[in-house]
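Please take me through this model stop by stop, telling me what to select in the viewer and what is there.

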Amino acid sequence: MVGSPLMEEEDMYLDLFLDPYTVQDDFPQAMSQLFSPRSPLDVHPLNLSNPETMFNSHLGGVKETPSDFSSVDLSFLPDELTHDSKDQDVTGNKHGPEQSQLQLPGGEDSGLTLNSGSSPESHAHFCPDGAASNQPFPEKPNSVALSVASILSMTPMNPVSESSGIVPQLQNIVATANLACKLDLRKIALNAKNTEYNPKRFAAVIMRIREPRTTALLFSSGKVVCTGAKSEEESRLAARKYARVVQKLGFPVKFFNFKIQNMVGSCDVKFPIRLETLALTHRQFSSYEPELFPGLIYKMVRPQVVLLIFASGKVVLTGAKERSEIYEAFENMYPILESYKKT
Amino acid sequence: MPSGSRCPDCGSSELVEDSHYSQSQLVCSDCGCVVTEGVLTTTFNDEGNLREVTYSRSTGENEQVSRSQQRDLRRVRDLCRILKLPTTFEDTAISYYQRAYQLSGIRAARLQKKEVLVGCCVLITCRQHNWPLTMGTICTLLYADLDVFSGTYMQLVKLLGLDVPALCLADLVKSYCSSFALFQASPSIPVKYVEDKDKMLSRTLLLVELANETWLVTGRHPLPVITAATFLAWQSLLPSDRLTCSLAQFCKLANVDLPYPAASRLQELLAVLLRMASQLAWLRVLKLDKRTVVKHIGDLLQHRHMLVRMAFRDDGTAQVETQKQQKGEQRQQEEAEGSTFALPERKRPASPAPLLPPCMLKPPKRSHPTPSISTVTGDENISDSEIEQYLRTPQEIRDFQRAQAASQAAMSDSNPP
């Protein structure tokens, strides 16, 4: 621990405390662009509650924290609050690797020991942020380093995880497509290796491909159901591959009406949940029958998503047609779950 | 001779009660006309002749109701009577069944589903009146599968839009404990095993409350927890004689089925009690294990609130309690342990464990592999070689067809004889 005169630090800290409330609006945007929705933000070695309490305890003893940043360099603070994205990306780039190190106090380093020369204002973000918003942004340094490079190629639809900091991960996507020609299922089952066909049991051919790892049901009408993909693009690619296989077998296929029918996502809030209390207060949406199933089935109305909530804090979201519905459903649910955090 | 009734033919009032074989009849003694009889006369006439006619036969309500529904409504009543439910429950259950029968999904369902529906209606009625009835009980009474029952139950609740409250744990404890056959001496039960019902009930309730507080009940079937709690309560009331009895033996003696998860619930409950015991100075000295802690359950339950708070932390900060509070405690039910009144040593109690459900305490079975960021766009080119790996060569097709034919022949050979 580096010792520094407390008075100096206090004044500087006061500035830092006041300024970030204005800068704060910009930085979260940069932050959200820094990670792609597919990066495993919810799977990280941190216990979310730990950093929070550490931050809280630091907030309580404000005088203690300044000792951590001995080399407080205020030159990073922008004069103007509205930047064009280029500048912001530049600053984002600069702070990227350092910020990531800041955000893993519980995991990599113990406590809030920062590397010297780490950017202070982002740290200052987190001290008052701990009071203002709920969670710091959990992130892995490698994923940040990678995605920093691909900031400009990011699609604009990114989850703004200001409130929970957890992004549900997509586990399964079910999609349908129309090949627009009648299929001879026996011929397909004979000529293709990766198929199962048992007409007495089910009137479709079950075909599997290795990359992307998916399964498809091919019906004699020409309709296809593709399951098992982990993203929308993968699902579309897989459906096209199935169409190609059938095309190679000699059928005049086309690729029409590719539509995603269902998306399943999962995540972990990392704290236990009192399911009985939740069922009691949200009676009209919840169904909790411990004799039948250990989880609580929550049927959210807007968006129309079904959440399976378990006592361990794991949440499964299903029934969505769009990725944004899953994210929105989780963001709606998270404050409710948080209110049951302390038993 | 009922007054006021006359023979419809001759108008005579001389009506005699006669029985033709087993059928009782009212016959006019003058002209021999049969006034009332089972199938030959209508209930309207019977009533006119002041004969008793049951309500359900006279109002014609059963004519509008199909036979299968009638049978199921009778079954609902029978089930309520078997379970000794109050009569108001019967009417509620019947009304639910009739409402369910209006729905097309139910009316066209198979008979098996309709049978299970009977149980569902009774269960919903009991739940709404806080009568502790488990699904397991109903399934055994109906000889039904729990899967079928659960599907029908969920469908019914959704279709009728009902708000079914949760199972009331305290009432379930009372009714389940009362079913244990240990409260009266009998030849099959050793004298020392007989226990007073109220004492056992109150202690079991405390143990179940403790289990609920320490996350052993959330998400789990309630019955095995209650079995484990009853066993511990019974053991702790006379530990010297009952420690040798195992959970399975206990259930056999008490004439109650042992649910499979009860053993692991018992271990979890004992672990919680051990943690609590480590916070009491005089128990820490004894170095208790899962068997010996049973002797001190009385004490632990007495101070359970404080001990749970001390033994577990749920906000991430470690707590170190001083010994001063513990010195002031009085022990009530003592066992002959001489060293218990030794001065508590000046060492720290065991550091608090996190108060989490057991599923969160166990290490994860498999590490979650972090999925790599995929850069799939969905519109890439698909190479021919990739697709060809999935197709069979002509030689392979011939081999496959031959193999299929051979296996078909083998199957048809083995089947007829």
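Start at the boundary between chain B and chain A, where 7 salt bridges cross the interface of this predicted model. Over all chains, the structure holds 20 salt bridges.

Select Lys248(A) and Asp384(B). Their side chains meet in a salt bridge, 3.1 Å from N to O.

Next, pick Lys241(A) and Glu386(B). This is also a salt bridge, with the closest N and O atoms 2.5 Å apart. The pair crosses between chains: Lys241(A) sits in helix α9 (residues 232-248) of chain A, and Glu386(B) in helix α20 of chain B.

Now show polar contacts across the interface of chain B and chain A. There are 21 residue pairs, both residues at pLDDT 80 or more. Colour the elements on the side of chain B that touches chain A. Those giving two or more residues are α7 (135-142), α8 (146-160), α10 (197-213), α19 (358-361), α20 (384-388) and α21 (394-414) of chain B. The largest share comes from α8(B), with 5 residues. By residue type, this side of chain B divides into 24 nonpolar, 15 polar and 14 charged.

Switch to a surface view. The size of an interface is often given as the accessible area lost when the parts come together. Here the area buried between chain B and chain A is about 4,500 Å², and carbon and sulfur atoms give 58% of that. Which residues of chain B lose the most area to chain A? Select Trp215(B), Ile382(B) and Tyr390(B): together they make up 16% of what that side buries. The contact takes 53 residues from chain B and 49 residues from chain A.

Select β1 (residues 169-178) and β5 (residues 223-229) of chain A. They run antiparallel, joined by 5 bridges. Ile173(A) has its bridge partner in β5(A), Ala229(A).

Gly265(A) stands opposite Leu317(A) in β10(A).

On to β9(A), which pairs with β10(A) in the antiparallel sense over 4 bridges. Ile309(A) stands opposite Val315(A) here.

Finish with backbone geometry. Most residues other than glycine have a negative phi, and most peptide bonds are trans. Where are the exceptions in chain A?

- Asn257(A), in strand β6 of chain A, is not a glycine, yet has a positive phi of about 50 degrees.
- Glu211(A) and Pro212(A) are joined by a cis peptide bond, with omega about -5 degrees. Pro212(A) lies in the loop between β3 (204-209) and β4 (214-219) of chain A.
- Arg302(A) and Pro303(A) are joined by a cis peptide bond, with omega about -5 degrees. Look for Pro303(A) in the loop between β8 and β9 of chain A.

Technical notes. Residues are numbered from 1 along each chain as its sequence is written. Chains are lettered from A and ligands numbered from 1 in the order in which they are written. This is a predicted model: local features need pLDDT of at least 70, side-chain atom pairs count only at pLDDT 80 or more; totals for chains, interfaces and linings use all residues. Side-chain values use heavy atoms; hydrogens and water are left out. Contact means heavy atoms within 4.5 Å. Buried area is the accessible area (1.4 Å probe) that two parts lose on being put together, summed over both. A salt bridge is a side-chain nitrogen of Lys or Arg within 4 Å of a carboxyl oxygen of Asp or Glu. A polar contact is a pair of N or O atoms within 3.5 Å; within protein, one must be able to donate a hydrogen and the other to accept it, and residues adjacent in sequence count only if both atoms are side-chain atoms. Ala, Val, Leu, Ile, Met, Phe, Trp, Tyr, Cys and Pro count as nonpolar, Asp, Glu, Lys and Arg as charged, and the others, Gly among them, as polar. Two strands pair if DSSP finds at least two bridges between them.
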